[in-house]
Amino acid sequence: MLFQNQVVVITGAGRGIGAAAAKLFAQHGASVVVNDLDAKPAEAVVAEIESAEGAAVAVPGSVTEDGFPENLLDAAVDRFGKLNVLVNNAGFTWDGMLHKMTDEQWRAVLEIHTMAPFRMIRAAAKHLREPAKAELAAGEPFSENRCIINVSSTSGLHGNVGQANYATAKMGVIGLTKTVAKEWGRFGVRCNAVAFGFIDTRMTRAKEDGESIEVAEHEIAQGIPEAARGRAITGNPLGRSGTDEEAAGGIVIMASTLAGYVTGHTLEVTGGAGI
Ligand code: CAA
């Protein structure tokens, strides 16, 4: 029970890695706030957690909307009393070759993968930095595990053909992570990134399967064309894609006090890709 009496907020937790992380945190005793753009999958994750005697609440909405980060975290604290862990996981890809990429494509991907985490973390200052600052001023030890996990990607670390926007954003979030680690470390708040390789989610399935996400009135295809997919998926020492449970494991390890002296780090959960 690594997260007994702890409160975890995960964005984009209706499916895939976010949903698996929500369930894993709950198995380890956390009360979990499940955010997603879509209410239905978020509520399904909550129902699954509750049926296993866990505690969870769904707070659907877009993390890119003005004021939503504050509302999401206030809802978490209203329901469960505090915040321990924030996981900035929500995201989508809008791939295209750089020489054809539109400003809108670039902006949308930077907004969801860098602007939204920045705003979530700024909104979390009230719930993570402030109580820790008060404890420090009173000469008390920090009473809680307080930390932030930002989801990055192998594309951010190494670049990826067709992903100039996403690679830039996912490297940007590593700079954000290191800066928060340096600014909030004095208050005992840790901030780490987890960079995923090819985890089996709708982002990495065959584009031909037709998975898409609707953003700003665009139906954006998710996935990798079948022709390029095999090489991408197996091009790592483990020779396979990862499961969403394995991805969730990386998040949960870094959020737990087992990693209590780790901050500003990027954990690569990639099957060894890029070593
Ligand atoms: N390197 C350089 N140029 C290349 C290239 C390559 N490997 N492959 C194609 N090109 C060039 C072609 O020569 C052609 O050039 P011209 O315009 O001069 O003729 C051009 O690119 C072709 O452009 P198209 O738009 O027609 O190419 P497309 O139909 O293949 O679509 C794409 C491009 C949308 C990027 C598509 O290839 C794609 O979806 N690729 C997958 C991208 C990918 O790996 N996404 C990862 C998703 S998983 C994820 O993101 C999760 C995570 O964190 C890991």
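A: The account below begins with the ligand, passes to the chain and ends with individual residues.

This is a predicted model, in which local features need pLDDT of at least 70 and side-chain atom pairs count only at pLDDT 80 or more, while totals for chains, interfaces and linings use all residues. Residues are numbered from 1 along each chain as its sequence is written, and side-chain values use heavy atoms, with hydrogens and water left out.

The ligand is surrounded by 19 residues, of which H99, S153, Q163, Y166 and K207 are the closest; a residue is counted here if one of its heavy atoms lies within 4 Å of the ligand. By class, this shell holds six nonpolar, ten polar and three charged residues. In this scheme Ala, Val, Leu, Ile, Met, Phe, Trp, Tyr, Cys and Pro are nonpolar, Asp, Glu, Lys and Arg are charged, and the others, Gly among them, are polar.

The protein covers 57% of the 1100 Å² of accessible area that the ligand has on its own. Accessible areas come from the Shrake-Rupley method with a 1.4 Å probe, and for residues only the protein chains shown count as cover.

The chain contains eight helices and nine strands; these are DSSP runs numbered from the N terminus, helices being H or I with at least four residues and strands E with at least two. Its radius of gyration is 18 Å, close to the 19 Å that the globule rule gives for 275 residues, so the chain is as compact as a globular protein of that length. That radius is taken over C-alpha atoms, and the rule is 2.2 Å times the number of residues to the power 0.38. The C-alpha trace spans about 60 × 40 × 40 Å along its principal axes. Of the 275 residues, 51% count as buried, where buried means under 20% relative accessible area, exposed over 50%, and partly exposed in between (1.4 Å probe, protein chains only).

N84 lies in the loop between α3 (68-80) and β4 (85-88) and is buried at 0% relative accessibility. Its side chain reaches the backbone nitrogen of V7 at 2.8 Å, and a polar contact of 2.9 Å joins it to the side chain of E144. A polar contact is a pair of N or O atoms within 3.5 Å; within protein, one must be able to donate a hydrogen and the other to accept it, and residues adjacent in sequence count only if both atoms are side-chain atoms. Leaving aside neighbours within four places in sequence, N84 is in contact (heavy atoms within 4.5 Å) with residues including N5, L128 and C147.

T266, in strand β9 (residues 266-269), is buried as well, with a relative accessible area of 16%. Beyond four places in sequence, T266 is in contact with I174, A193 and A195. G175, in helix α6 (residues 164-184), is partly exposed at 38%.

The loop between β7 (212-215) and β8 (218-221) holds A216 and also E217. Most residues other than glycine have a negative phi. A216, however, has a positive phi of about 45°, and phi of E217 is near 65°. A216 is exposed at 59% relative accessible area, and E217 is exposed at 79%.
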